[in-house]
Each structure stands twice: as structure tokens, then as C-alpha cells.
Amino acid sequence: MNLSLNHLTHHLRQPGVLLPLAISASLLVGIGVGRQSSRPVSAPSVAAMDRADANGSVALSEDQLRRLGLTTVRPELSSGTERPITGFVEAATSSRSSVGMPVAGRVLRLMVSPGTRVRAGEPIAEVQSADAAAVRADADAAQATAHSLAYLYRLAEPMARHGALSTQELESRRIASVTAATTARAAAAKASALGKPDDSGRLLIRSPIAGQVTAVSTSPGAVLSVGEDVAQISDVTGGELRFLVSPGLATNIRTGQLLRVRAGAQTLQARVIAVAPDAQTAGRVMLLRAQPIDAQLPPIGTAITAFVQIPSSEQRFIVPQDSIALINGSPVVFRYQRGAVEQVAVVVAQQTAGQAEILQGVRQGDVLLRGNTQMLRNALDASKDSSQN
């Protein structure tokens, strides 16, 4: 047995055998280490967290926070408090048109109905007017007179050069020609403003803007006076946000101020473009107009709520809602400092649209945790129990 063992040992010590065995052993060790390092690292359990029993805090590294699904956030100091105001999405002033009769007359036919989309310059009604026929006749007569006097002036020029006509007479004819041309242009412009009526006074009323017909105020056969409404047209893409606010609140709102607006499930940011007395209420309330910033405007008629920042004597901090937890019905936050997490009771003023205002409990520069805070609650409860025992 000893001879066999000595012979085997002597054989293994040979260079041709020892080197392959060493390489094989290195490969096996490398594979084992690779498998061990490729195993996923599980998130730290509550039992694995270091506990400090002095102040009920839990020690956690930043790497452990990430594995627990927690992120840090700093409270933002609020310069004021938010006041909700309600309003509606309405067509902008430049996107609404009330199309009226340019001249007294009778409606022959309507070419649109409520809901019809029209282009700028598209006919919406045909009317007939005796006044329009008179305007067309005046324009034609003025044009004929201008042509006649211009022709007479051209005939007089060679006569004046040969001495058959005085210079004064030539100048009088030139002035008459210029005056007639000016009168003809004015008459043509008047006819064009009415819609270019034909000889019988028929003319087309056209839409001044592109949009949608929201109302039709007349019917075929109706006789309308000058200025009476024919149709209402709104550009559905040119809307704005409108709110009615009290004069006291309006003193805290300035042009260019940003608003946080909620329209159903949609939240957007808007900028105030005007604050002025509302004419329909004789100035008893103020009209606030705003335009959205880099967001699609909700449909016209949508009810909206905006939150206006007004000055406040109290110091408030804005934090995300998911950084606040309720423990036994009381709001708390989790402060993270010097590698430890502690639970802090807070006083919440209001919570709106994913944000909350905190009146007491946090300081400027604090770092709070947000996200899945359930494990933090369990760890802090265990820490308290340990310190009590």
C-alpha cells in the first residue's frame, strides 16, 4: 500500500501531470465564484436593518434605500398658499365671431347649420337687399363717370400741345378725371364691404374666421335689419381658460402668473394673460383669462379648477403626497439624515393634485423619503419595541 501511494505521489509530481491538474482546479474555483456572484442580491429585510434605540430611528444606506424602492425629496418653500378657483374652457375673443347683416334685406337661403365647420371666407347665407342694389348701381355709375372723364382728358392732351386748348382747361379736365377715379374707388370699396352684390342686390354673407357654427339666428325668408345676427362661429382650436374671481382675490393675481389647472383627470399649467372687470356683471367681479403652456387645451365647455398662489404670512412647504403617511390617523413623514431614518409628525394644510402643503414638522433643507414606506413603518415599530424592552 505504501509503495503504491509513494508511486502515485511521485507520478503526480511530474511536470506533465501537475500543470493540467492545477489549471483544472483554477477553472473549477472560477466557475464556483462566478455562480456565487451571479446570484441576485435580495432587498434588505427588516431584520437586516441596523436599529438605533436612542431616538427610534433606523440606519439605512443609500443603496438599501434604492433596493427598498425609496427615493429622496427636499421640501420646497412656498411663497404663499393656494386658493382654488373654478371656471370653464371658452373660445378666445379672437376665435369667436358674431356674423351679422351688413345691410337690411331678406334671407334667401342658409348654407350652414349648427355644428357645420366652415373655412374663412366660406359663404354661410345668401340675402337680397334693395339698399345693396343701390350701392351696386352707385358703384357702376361712378366707374362709368371715371372712365368717361379719363378718356376726355386723354383727348385733350394733344389739343393742348398744339395750342387748341388752354393749359388751364387741360388742368381742369385732369382734376375732374382724378376726382371721378377717387369717387369710383370709394363706391367700389363700399360695394365690396357689403359682399359685392349683383345688379339685383343679391349678395353672399361669408364667415370671417375658420371654425364651427355654434348657432344660427335666422331662417330663410326672414327680413333683417342692419347688424342683426345671422350666425355665431367659434374656432374650437383657439380657446382659453376663463374664471370669475372676487376683486379682493384679483389684487393678488398678476399678468404672466402661472396657474396649476385641473380639468377632470388632466393636469396642466397655464399662464394668466389678462385680469379685468367683467362687463356682464358691471364690474362686480373680475374676469381672469389664461392660456395653457405646452399642453393641449380641453374641449370648449369643460369645467376646470385652477389653484392660485396668494401671499401667506405662514411659512409652508410643498412636498409630494406619497411622502406623507398616515399612522393611527395622524400624518407623518420620514426624515433621512446622516444615514438614519426617523419618523416625524407633521401638520398638513391641504392636499391637491399630487402635492401637499405642510405647516409644521419639516424644516428647510430636510431630506424626506417617498415611495414604499411600509417597511420603514415596520422597522421603526420594531425599533420602538426594542427600546422599550
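Arg109 is partly exposed, with a relative accessible area of 43%. Its salt-bridge partner is Glu126, at 2.7 Å from N to O. Glu126, by contrast, is buried, at 14% relative accessible area. The model is predicted. The protein has 389 residues, and 34% of them are buried.

**Salt bridges around Glu126**
- Glu126 lies in strand β8 and Arg109 in strand β6 (residues 105-110), so their pair ties together parts 17 residues apart in sequence.
- Glu126 also forms a salt bridge with Arg202, where the closest N and O atoms are 3.5 Å apart.
- That pair links distant parts of the chain, since Arg202 sits in strand β9 and Glu126 in strand β8, 76 residues apart.
- Arg202 is partly exposed, with a relative accessible area of 35%.

**Other salt bridges**
- The whole structure holds 15 salt bridges.
- Side chains of opposite charge can pair when their charged atoms come close.
- Arg173 is partly exposed at 30% relative accessible area, and Glu169 is partly exposed at 33%.
- A network of salt bridges links Glu90, Glu240, Arg242 and Arg289.

- In soluble globular proteins, nonpolar side chains tend to be buried together.
- The largest nonpolar core here has 27 residues, and Ile124 and Ile205 have the most contacts inside it.
- At least two residues of this core come from each of β8 (123-128), α4, α5 (167-194), β9 (202-206) and β12 (229-234).
- Beyond its neighbours within four places in sequence, Ile124 touches several residues, including Val99, Leu110, Met111, Ile205 and Ala231.
- A second, separate core has 21 residues, among them Phe243, Ala250, Ile253 and Ile310.

**Surface**
- The protein exposes about 22,500 Å², with carbon and sulfur atoms supplying 53% of that area.
- Tyr151, Leu152 and Leu155 form a nonpolar surface patch, with about 280 Å² of accessible area together.
- Leu155 is located in helix α4 (residues 130-161).
- Leu155 is partly exposed, with a relative accessible area of 39%.

**Overall fold**
- The protein has 7 helices and 23 strands.
- Among contacts with a separation of 6 or more, 73% join residues 24 or more positions apart.

Terms used: Residues are numbered from 1 along each chain as its sequence is written. This is a predicted model: local features need pLDDT of at least 70, side-chain atom pairs count only at pLDDT 80 or more; totals for chains, interfaces and linings use all residues. Side-chain values use heavy atoms; hydrogens and water are left out. Helices (H or I, at least four residues) and strands (E, at least two) are DSSP runs, numbered from the N terminus. Buried means under 20% relative accessible area, exposed over 50%, partly exposed in between (1.4 Å probe, protein chains only). Contact means heavy atoms within 4.5 Å. Accessible areas come from the Shrake-Rupley method with a 1.4 Å probe; for residues, only the protein chains shown count as cover. Patches are made of residues with over 30% relative accessible area and no salt bridge: like charges are joined within 9 Å, nonpolar side chains (Val, Leu, Ile, Met, Phe, Trp, Tyr) within 5 Å. A salt bridge is a side-chain nitrogen of Lys or Arg within 4 Å of a carboxyl oxygen of Asp or Glu. A nonpolar core is a set of buried Ala, Val, Leu, Ile, Met, Phe, Trp, Tyr and Cys residues joined through side-chain atoms within 4.5 Å.
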